[in-house]
Amino acid sequence: MDDKFIKELREISRDDRRRSEFMIQGMKETLQGRKEESIFKRWVRRKKTEKKISQRFNQDPSSDQK
């Protein structure tokens, strides 16, 4: 989601029905953009996510005891 979308989302009241519709529309646009990415870009994005997750769980256990 781009900065314009986030700025508009912050301006809408949480009680406003438009907020939920706006969020749904934003997610649809984000997902559509991901579908249109090339296979290589999707692979790179997935590998970055896997790396971040594996780094969280593969920390040095001795560092927690200090």
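Predicted model: local features only at pLDDT ≥ 70, side-chain atom pairs only at ≥ 80, totals over all residues.

Residues are numbered from 1 along each chain as its sequence is written, and side-chain values use heavy atoms, with hydrogens and water left out.

**Exercise 1.** Determine which residues form the salt bridges (a side-chain nitrogen of Lys or Arg within 4 Å of a carboxyl oxygen of Asp or Glu).

*Solution.* 
Step 1. The structure holds 2 salt bridges.
Step 2. Arginine 17 pairs with glutamate 21, their closest N and O atoms being 2.8 Å apart.
Step 3. These two residues lie 4 residues apart in helix H2 (residues 17-36), and therefore about one helical turn separates them. Helices are DSSP runs of H or I with at least four residues, numbered from the N terminus.
Step 4. Glutamate 37 forms a salt bridge with arginine 45, with 2.7 Å between the closest N and O atoms.

**Exercise 2.** Identify the residues of the negative surface patch and the helix that supplies its largest share.

*Solution.* 
Step 1. Patch residues have over 30% relative accessible area (Shrake-Rupley method, 1.4 Å probe, only the protein chains shown counting as cover) and no salt bridge, like charges being joined within 9 Å. Asp and Glu count as negative, and the charge is placed at CG of Asp or CD of Glu.
Step 2. The patch is formed by Asp2, Asp3, Glu8, Glu11 and Glu29.
Step 3. Helix H1 (residues 3-11) contributes the largest share, 3 residues.

Key: Patch = residues over 30% accessible without salt bridge, like charges linked within 9 Å, V, L, I, M, F, W, Y side chains within 5 Å.
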